[in-house]
Structures are given as C-alpha cells and as structure tokens.
Amino acid sequence: MEGPFTTGARIMAKRVFGGIRRSPVILPIALVMILYLNGTGGAAPADLHWSEDPGSHCEFIAPASLTSGPTFWIGACIDGKASGEGMLRRRDGDRAGPAFFGRMKDGIPEIGVIDLAEGYRAGSFSDGDIGGGAEPDQQKRIDAFRIAAEAARSISVKYAGENNAGSARLYEELAKTLELQTD
C-alpha cells in the first residue's frame, strides 16, 4: 500500500523539501521577501496605538518618545492617514512638547528626528520609536536629519502662508539647526 502520498507526490515533495534542506539560508530570505512584497514588511505592529489629530482627524502612530498626550500632525493627510514630510507635536496645555520631524507613510513614521528637551533622537522607526533600536549607521543618521530639516522647512512655509511670521522664522531656524547635525 502506498499510503497517503502517491509516487508522484512523493517525488514532488522530495524536490521541494530536499532543496530547502540543502539551502537553509534561502527559506528565511524568501519568507522575508514574501512578507515584504505582500505589504506586511515594515507595517506597524498591531500593539502600537493609533492617535488622531484633534483638528484634522488625521490618524497616525506617534513614536513612543513623544509620550502620551494630545499630539498634532502638520503635513499631508492622505486617505485619513498622516503622509509625507511633516511634524508630530505633542502639546501639554498651551506648552509645546517634544516633536517628531520626518517622513510618515500611511500614518506610520518612517524616518526622522525627535526633538526632545535633552537632545535629538535620529533614525528609522522601529520597536515603536525613532532610533529606538541599535545606534543607526552614520548614513541613516544623516538621512534622518536631512529629512527632518526638509520637514521643518515645509512647516515654516505653511506658517508663512498663514502670515504667521514668528512661527515661520522659528521652523526655518530649526531646519538650519537640523541640517548642521549632518556635518
């Protein structure tokens, strides 16, 4: 009696699984590529908390180092999600709190800089925060500061368009400061 597999099925299984046995590195790489190409690579883990800008109702995931509290997005909102370059700013009453300057995609931070009272955190978004994992390589850090400077400059342009010269100057100066961090 042949059992559950026919001779043809056994030969096919041997080809498929035999190749995997001979190439233990290929399976993990193939799995990562399949997940990435299907849209789950780089996606936000389910345990991250989605927030909403109180005014625009644009949704986003705020990096953990912004801490919890009312957070506002200044930038494009595509399909209800923060997108492109901009700023997430936490507010504590009438006081400005820490801010993220960088690039968002579908409401999820990609890369940028968090401006904290004690200094900057730069890098890609991972483990729920910007620069939260290992120290970013030098090029990633430079890229993060350049993108953050572009985001700050776009905020400056927005405020200039609203005839808010003080805020426009503030964010233009911040853009210059962020650019200096790449030297």
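Student: What percentage of the 183 residues in the protein is buried?
Tutor: This is a predicted model. A residue counts as buried when its relative accessible area is under 20%. Of the 183 residues in the protein, the buried part comes to 33%.

Student: In what pattern do the helices and strands of the protein follow one another along the sequence?
Tutor: The secondary structure consists of four helices and eight strands. Read along the sequence, these elements give the pattern α-α-β-β-β-β-β-β-β-β-α-α.

Student: Which element of the protein has the lowest mean pLDDT?
Tutor: The protein averages a pLDDT of 79, and 72% of the residues score at least 70. Among the elements, β2 has the highest mean, 96. Over residues 19–46 the pLDDT stays under 50, and the model has eight contacts beyond four places in sequence for this stretch. The lowest mean pLDDT, 37, belongs to helix α2 (residues 26–37).

Student: How should predicted coordinates be read where pLDDT is low?
Tutor: pLDDT expresses the predictor's confidence in each residue. Where it is low, the predicted coordinates should not be read in detail.

Student: How far apart are the end C-alpha atoms of helix α4?
Tutor: Helix α4 covers residues 165–180, which are 16 residues. At 1.5 Å a residue, the helix should span 22 Å.

Student: Do the buried residues of α4 lie on the same side or on opposite sides, and what arc do they cover around the axis?
Tutor: The buried residues of α4 are S167, A168, Y171, L174, A175 and L178. They lie on the same side of α4, because the arc they cover around the axis is only 125°.

Student: Which residues are exposed on the other side of α4?
Tutor: The buried residues of α4 pack against β4 (81–92), β5 (95–105), β6 (108–116), β7 (119–126) and α3 (138–161). On the other side of α4, the exposed residues are R169, L170 and L180.

Student: What is the relative accessible area of H57?
Tutor: H57 also is not a glycine and has a positive phi, about 65°. The loop between β1 (50–52) and β2 (59–61) holds H57. H57 is partly exposed, with a relative accessible area of 47%.

Key: Residues are numbered from 1 along each chain as its sequence is written. This is a predicted model: local features need pLDDT of at least 70, side-chain atom pairs count only at pLDDT 80 or more; totals for chains, interfaces and linings use all residues. Side-chain values use heavy atoms; hydrogens and water are left out. Helices (H or I, at least four residues) and strands (E, at least two) are DSSP runs, numbered from the N terminus. The expected span of a helix is 1.5 Å times one less than its number of residues. Buried means under 20% relative accessible area, exposed over 50%, partly exposed in between (1.4 Å probe, protein chains only). The arc is that of the directions from the helix axis to the C-beta atoms. Contact means heavy atoms within 4.5 Å. pLDDT is the predictor's confidence in each residue, from 0 to 100.
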